[in-house]
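Subject: Structure handover

Hello,

Here is the structure I said I would pass on. My notes on it follow below.

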Amino acid sequence: QVQVVESGGGLVQAGGSLRLSCAASGSILSINAMGWYRQAPGKQRELVAIITWGGSTNYADSVKGRFTISRDNAKNTVYLQMNSLNPEDTAVYYCNADVILRIGVRQLNNWGQGTQVTVSS
């Protein structure tokens, strides 16, 4: 069983910053990638940023230059530094872990419970 736990959400004024953390634990042999997704009210969940355990990153166009994803391999943890936040960034942010449980067995859909980020204008 894999557990994914996010932390770090909250309320911030426009222009402010927040840092989200996400840790994966459990019966994990290795991690392929971890990513942050968000879902605003009435909208579909969308990719925000993703990082492979080799260090490759990919960002949504809307956050490029403002958000930075990073990882700590030893802690199976990924971070999302969010700067220059605006009200359009308000959403529940979810973390996903793409892991290898044992040789030849990959499990992609390991989601956290989500953390609320609210940006006031």
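A salt bridge here is a side-chain nitrogen of Lys or Arg within 4 Å of a carboxyl oxygen of Asp or Glu. Please keep in mind that the model is predicted.

By that rule the count is five salt bridges. Arg38, Glu46, Arg66 and Asp89 are joined in a network of them. Aspartate 89 sits in the loop between β8 (77-82) and β9, while arginine 38 belongs to strand β4, 51 residues away in the chain. Aspartate 89 also forms a salt bridge with arginine 66, at 2.8 Å from N to O. Arginine 66 lies in the loop between β6 (57-59) and β7 (67-72), so this pair ties together parts 23 residues apart in sequence.

Buried means under 20% relative accessible area. Aspartate 89 is therefore buried at 1%, arginine 38 at 6% and arginine 66 at 16%.

Another salt bridge links lysine 64 and aspartate 61, at 3.1 Å from N to O. Here lysine 64 is partly exposed, with 48% relative accessibility, and aspartate 61 is exposed, with 63%.

On the strands: β4 (residues 30-39) has seven of its ten residues buried. Nine bridges connect β4 to the antiparallel strand β9 (residues 91-102), where valine 92 stands opposite glutamine 39. Strand β5 (residues 46-52) also runs antiparallel to β4, with six bridges between them; threonine 52 in β5 is the bridge partner of alanine 33. β4 and β5 make a hairpin with six residues between them, and glycine 42 in the turn has a positive phi of about 80°.

Regards

Note on methods
Residues are numbered from 1 along each chain as its sequence is written. This is a predicted model: local features need pLDDT of at least 70, side-chain atom pairs count only at pLDDT 80 or more; totals for chains, interfaces and linings use all residues. Side-chain values use heavy atoms; hydrogens and water are left out. Buried means under 20% relative accessible area, exposed over 50%, partly exposed in between (1.4 Å probe, protein chains only). Helices (H or I, at least four residues) and strands (E, at least two) are DSSP runs, numbered from the N terminus. Two strands pair if DSSP finds at least two bridges between them.
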